[in-house]
Amino acid sequence: MRGEQNVSSSISCLLFPLEAMAEVKASVICGVLAAFLSSAVLAFVEDLDETFKDTRENDVWLVDFYAPWCGYCKKLEPVWYEVGAELKSSGSPVRVGKMDATAYSGMASEFGVRGYPTIKL
């Protein structure tokens, strides 16, 4: 009897780490899937730079000019990604972008940006 108890407790000690590993694997898979889906949503909003002025002429754009330190800009960011995803999924020809107006201040001033966030069509 005593030998059976030792074998049984040894087996349960071995099984617990395997169960924990299964939970960890499931958690990692969910994390990877969530990252993939969020990156897919992020793909609908393009990060723009100074080349935007030259490449925008044939497209209709909705652009968020933001400052990285701006609290209102940070609150707008998840909503902005939803806007990008919604316009893309509805088949709209409008492209959605965002531009760091502090890094590209010349471009921001050309578009009349005076505060953050500023959205221009």
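## Arginine 95 and glutamate 46

In this predicted model, arginine 95 is partly exposed, with a relative accessibility of 30%. Its salt-bridge partner is glutamate 46, and the closest N and O atoms of the two lie 2.7 Å apart. Glutamate 46 belongs to strand β1 (residues 45-47) and arginine 95 to strand β3, so that the bridge links distant parts of the chain, 49 residues apart. Glutamate 46 is likewise classed as partly exposed, its relative accessible area being 30%.

## Further salt bridges

The structure contains 5 salt bridges in total. One of them pairs the side chains of glutamate 110 and lysine 53, with an N to O distance of 2.5 Å. Because glutamate 110 lies in helix α4 and lysine 53 in helix α2 (residues 52-55), this pair ties together parts that are 57 residues apart in sequence. Both residues are partly exposed: glutamate 110 has a relative accessibility of 49%, and lysine 53 has a relative accessible area of 35%.

Another bridge joins lysine 98 to glutamate 77, the closest N and O atoms being 3.6 Å apart. Here the linked parts of the chain are strand β3, which holds lysine 98, and helix α3 (residues 71-89), which holds glutamate 77; the two residues are 21 apart. Glutamate 77 is partly exposed at 35% relative accessible area, whereas lysine 98 is buried at 11%. Salt bridges with shared partners also connect Glu46, Asp59 and Arg95 in one network.

## The surroundings of lysine 98

Lysine 98 is part of strand β3 (residues 95-100). It counts as buried because its relative accessible area of 11% falls under 20%. Its side chain also makes a polar contact of 2.8 Å with the side chain of tyrosine 81. Beyond its neighbours within four places in sequence, lysine 98 is in contact with residues including Val45, Glu46, Leu48, Val63, Tyr66, Glu77 and Trp80.

## Nonpolar cores

The largest nonpolar core comprises 11 residues, among them Leu48, Phe52, Trp61, Phe65, Met99, Met107 and Phe111. Two or more residues of this core come from each of β2 (61-66) and α4 (105-110). Strand β2 supplies the largest share, 3 residues. A second, separate core has 6 residues, including Val45, Leu76, Trp80 and Val96.

Methionine 99 is one of the residues of the largest core. Apart from neighbours within four places in sequence, methionine 99 is in contact with Leu48, Phe52, Val63, Phe65 and Met107, among others. Its contacts also include Asp49, Asp64, Tyr66 and Tyr104.

Terms used. Residues are numbered from 1 along each chain as its sequence is written. This is a predicted model: local features need pLDDT of at least 70, side-chain atom pairs count only at pLDDT 80 or more; totals for chains, interfaces and linings use all residues. Side-chain values use heavy atoms; hydrogens and water are left out. A nonpolar core is a set of buried Ala, Val, Leu, Ile, Met, Phe, Trp, Tyr and Cys residues joined through side-chain atoms within 4.5 Å. Buried means under 20% relative accessible area, exposed over 50%, partly exposed in between (1.4 Å probe, protein chains only). Helices (H or I, at least four residues) and strands (E, at least two) are DSSP runs, numbered from the N terminus. Contact means heavy atoms within 4.5 Å. A polar contact is a pair of N or O atoms within 3.5 Å; within protein, one must be able to donate a hydrogen and the other to accept it, and residues adjacent in sequence count only if both atoms are side-chain atoms. A salt bridge is a side-chain nitrogen of Lys or Arg within 4 Å of a carboxyl oxygen of Asp or Glu.
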